[in-house]
Amino acid sequence: MTESGVRPPLALTMGEPAGIGGEIALKAWSMARGAARADGAVPPFVLLDDPARLEALAARLGLPIPVKAVGSMAEGAALFGAALPVLSQPLAAPVTPGRPDPANGAAVIASIDRAVDLVRRGEASAVVTNPIQKSALYAAGFRHPGHTEYLAHLAGLTAGSTGGPVMMLAAQDLRVVPVTIHVSVRDAVPLVTREAILHAGRVTAAALARDFGIARHRLAVAALNPHAGEGGAMGREEIDVIAPAVADLRAEGIDAVGPRPADTLFHAAARRGYDAALCMYHDQALIPLKTIDFDTGVNITLGLPFVRTSPDHGTALDIAGTGKAGASSLIAALTTAEAMATRRRA
């Protein structure tokens, strides 16, 4: 809470200006102002973006949404019911939907930096990030694989499979944590180590208790190979690496089971048996989650000293500026961030 007793709003970053981030932010605010606002379904947020480009975007899309530049998060929270509050982050170049311009990369990065700083100073309750276009940021000098790694850098943590933050994807009744993330399948296999699984399991267990309020949490650990290696006939990773890591987690008091064959881990009955699944590589985690609930998935960074969530989709350059983008995943990210921040405050 702030000194006035008012809960700080969420800080929402601009993301890629040529993508759908601005559009879904406008639509999320519109839903917050409507019926959803009455029951608190969409928590107050302040967008770190260029007010002029948002006004132009709202006009382009035919959205009668008032955009108001504010000087502080507190001012934005007070204004939220009447207009979309925006902390100004000017862009260097005009925006053409669907065509990222590296000239705007510095503003995109600055938006993330400011959001983290606001949370650290207690002016925002959590960071919610709109999707970034990494290719455009790389051209602007960005040297991190993605949001997760950059946020680890800002937090002074070492990102990697055996240290630093962990990525969780959540939707409906499924939470998944990939042990390896933004690497090829070929490169992921040697990164599936006992230490990496232990780290992901420890961070996930701690987050389930602290951020999700699940005191008696249960982890399921996926196998790497088909049929969990078939007793070594299809690979020994389950015998030599994954099973020993699960035993280590259990020795530490974490309720973990596995390795479980991935092809039987995600049906409805199986999902009722655990609170989060540790997966060995990116698509093993994301395919079931996006199949089950493509529209409202949330990307959550565990292990940071602040709460960070994001929509579980990309910049959608192909539909940017057309009015087709849906705000469901962003709204889920906002409500998840608010719930996590509330539990941390408690």
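A: Strand β8, residues 218-222, runs parallel to strand β10, residues 276-279, and the two pair over 3 bridges. Within this pairing, V221 has L278 of β10 as its bridge partner. Two strands are said to pair if DSSP finds at least two bridges between them. Strands (E, at least two residues) and helices (H or I, at least four residues) are themselves DSSP runs, numbered from the N terminus.

The model is a predicted one, in which local features need pLDDT of at least 70 and side-chain atom pairs count only at pLDDT 80 or more, while totals for chains, interfaces and linings use all residues. Residues are numbered from 1 along each chain as its sequence is written, and side-chain values use heavy atoms, with hydrogens and water left out.

On β10, a parallel pairing is also formed with β7, again over 3 bridges. Here V176 stands opposite A277 of β10. V176 of β7 also stands opposite L169, in keeping with the antiparallel pairing of β6 and β7 over 3 bridges. These two strands, β6 and β7, form a hairpin with 2 residues between them, and Q172 in the turn has a positive phi of about 50°.

The wider arrangement may now be set out. An open sheet is formed by 12 strands in the order β3-β4-β2-β1-β5-β12-β11-β6-β7-β10-β8-β9, with mixed pairing. Its edges are β3 (67-70) and β9 (255-260), each of which pairs on one side only.

How much of β7 is buried? Of its 5 residues, 4 are buried, so the strand is largely enclosed by the rest of the structure. Buried means under 20% relative accessible area, exposed means over 50%, and partly exposed lies in between (1.4 Å probe, protein chains only).

Helix α12 belongs to this picture as well. In α12, the residues Q284, A285, L286, P288 and L289 are buried. The buried residues of the helix pack against β6, β7 (174-178), β8 and β10; contact here means heavy atoms within 4.5 Å. The helix, residues 282-292, also contains K290. This lysine, K290, is partly exposed because its relative accessible area is 28%.

N299 lies in strand β11, residues 298-302, and counts as buried because its relative accessibility is 12%. Apart from neighbours within four places in sequence, N299 is in contact with M167, M168, L169, R308, T309, S310, P311 and D312.

Some backbone details deserve attention. Most residues other than glycine have a negative phi, and most peptide bonds are trans. H227, although not a glycine, has a positive phi of about 55°. E230, also not a glycine, has a positive phi of about 50°. H227 lies in the loop between β8 and α10 (237-251), and the place of E230 is likewise the loop between β8 and α10. H227 counts as partly exposed because its relative accessibility is 45%. E230 is partly exposed, with a relative accessible area of 42%.

At the edge strand β9, a cis peptide bond joins G258 and P259, with omega about 5°. P259 is found in β9 itself.
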